[in-house]
Protein chains: 2
Amino acid sequence: MISVAEARSRILAALRPVGQEIVPLAGAYGRVLGADINARVAHPPADVSAMDGYAVRAEDAVPGLRLRVIGEAPAGHPFAGNVGRGEAVRLFTGSFVPAGADAILIQENTLPAPGGVEVTEPVTAGRHIRRQGQDFALGDVLLAAGGRMTVRDVALGAAGNHPWVRVFRRPRVAILATGDEISLPGEALGVGGIVNSNSTMLAALVSAYGGEAFVLPAAGDDAAAIAAAADSARGADLLVTTGGASVGAHDLVQAGLGRQGFALDFWKIAMRPGKPLIFGRIGDMPVLGLPGNPVSAYVCAVLYLGPALAVLAGQAAAGPVFEAARLQGSLGPNDVREDYLRARLHRRDGGWVVEPFVRQDSAMLTPLAASGALLRRPPFQPALADGDVVEIIRLGL
Amino acid sequence: MISVAEARSRILAALRPVGQEIVPLAGAYGRVLGADINARVAHPPADVSAMDGYAVRAEDAVPGLRLRVIGEAPAGHPFAGNVGRGEAVRLFTGSFVPAGADAILIQENTLPAPGGVEVTEPVTAGRHIRRQGQDFALGDVLLAAGGRMTVRDVALGAAGNHPWVRVFRRPRVAILATGDEISLPGEALGVGGIVNSNSTMLAALVSAYGGEAFVLPAAGDDAAAIAAAADSARGADLLVTTGGASVGAHDLVQAGLGRQGFALDFWKIAMRPGKPLIFGRIGDMPVLGLPGNPVSAYVCAVLYLGPALAVLAGQAAAGPVFEAARLQGSLGPNDVREDYLRARLHRRDGGWVVEPFVRQDSAMLTPLAASGALLRRPPFQPALADGDVVEIIRLGL
């Protein structure tokens, strides 16, 4: 058995990013940038007014003085001439500031006057002007390769005048559930049968992590069937199996994959749930063998599959984010295995309080669905009392 | 000017959920359930073994005693007979427990013996058996209407044997940017022109919030053009405009919408950025008029559009989630407007530290993209010192 940290670093070290593609910026939210995005325009493109008012020479803005209004320049319609001594041009938010002017006298600080306006308050040079390139200059790196684009990044790419962006394509993940007992949701259950929730769960999770899932028809507990299914996964960036990973005579995933030339990297991790995790490869295709119990499969997906998909999609290798929380209740000492307890999560006094479910059975989905967090317990952690600070992973997916 | 809280509650009170549709469970992640999901099977469907081992009568599991193995029942292949005195049936994880047996003697607690196994450790009745319905019983409510489905909820729906689910359809949001000066990303910029980042940003945001956006061709600063565009939005669940919302002679959104029978609910909110927000309706279609500056538009989208889309999609009315953070730096007293400062967010000692950008210009996208949070300042909040506790909204999108 190896540790969780070692397992994750061995998995992530074995993966290489997928290729890149061009997508419309409008569809690039959540995608990982394949190249830097540089500004193709300055923003603002020129000195612009931040208010409705008048472009003036600040030295002319003397209370009581009248300014001659020589034109009007709404946003998108710049004034072509020059603002001279005693002159003003009517501007609006976003209007380009005409040559000669060095300040915006806001509307509220003027009174109407014949042929122009009367100044009621002075203004300092530069006031209410957004400078050309104050947000970014032509050529600036707006967004760096390897980042996952937020909506705000999309806005920044748009402001930089990019209709297309270069991103890593979505990693393609083949999902193979194994077991004689499983049927797809809605199909008739055989005697001794159980519904296969793993395939649908993992497909949704892959998609939520930014990948593209394809669900293979399930394979029974039969090495030849597993081998044939694995063969049909070729071309995937990752094959994920569930079930058949333990030590029983009917745990045939390794035997089945072996017929396709499977090279094992490691098997079994000192963790709970999820001990019988398998990792290796068939040719160039990495293979992650998850346990069959849905809770174990989910927890292993959070710890290994999510980080793996991020690396495949071009991001830097990283584990899940841990946060601090206070324990509600108490827990006995932990054993050799790193534990991930399903737990309710509450807010109290601005911090997190985490309350593990009493029943931690790895086949029980209702407590998993009701969990706000996984509570991590390192190997051999001593007993914990109510109020102790622990580490959690918040569950958003 | 009305308050942020009043504006949000007036917007949310004016909205009704959209209709419902049926979607495959596999595509239901992130959707809002339109009806409860009840279990169509029990989970587990029968008493099943949680380990590899032998189904026995606990009273027979006396160390040194030999048990006759009368059959084997892998998962999916239940044993049809009865386990009698001195008998055992070989089981595996997930196997149904045969009649007569009341415990699982794990493999490690046996030794091979002629025709059977020798017991090496005793076992108590019920040990290593997952009881029928221990996760959920037939007919149990697994997921309640109005909840947004996580991946774990999808797994629970699958385990409940549902291939289809009833969800609210994605709210359809028409997006209309206005202004003579704007061009789409990648198009040639006119003299005095600027790139329209709002349409692409809002389309991505609507999609991230679970809606379906359609971007209308932009309308210039012309009431007739705005009226025609608004007309083409009919059938949308919400029309969102940007720009033209202020008081200038070229702020024509209200005039343009008015030609389509726009009924104003309110205009102007005591907030910064985002003061000139408009809300009303054209016939049955609600209309949210966002400011033209991209940062103002984004902040208003977080405060109003996100909650509005949740209500349209069938969720309960709620505002954004606030968390506590410590201020890095100091801030002067606030004025009459509720302030939402763009800010960096760091972790320190398990808590959040928030550092507002010095430049809070509402046209600047680079600080917005670099922000981890919006820092909320209530109206008339006194000056704040380094380390004071403040309220933040974390920005994930």
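Me: What does the secondary structure of chain A come to?
Reply: In this predicted model, chain A has 7 helices and 26 strands, where helices (H or I, at least four residues) and strands (E, at least two) are DSSP runs numbered from the N terminus. Residues are numbered from 1 along each chain as its sequence is written, and chains are lettered from A in the order in which they are written. Local features need pLDDT of at least 70 and side-chain atom pairs count only at pLDDT 80 or more, while totals for chains, interfaces and linings use all residues.

Me: And how many residues of chain A touch chain B?
Reply: 68 residues of chain A are in contact with 68 residues of chain B, contact meaning that the C-beta atoms, placed from the backbone, lie within 7 Å.

Me: Which element gives the largest share of that side?
Reply: Helix 2 of chain A does, with 8 residues; the elements giving two or more residues also include helix 6 (294–312) of chain A.

Me: What does the C-alpha trace of chain A span?
Reply: Along its principal axes, the trace of chain A spans about 100 × 50 × 40 Å.

Methods:
Contact = placed C-beta atoms within 7 Å.
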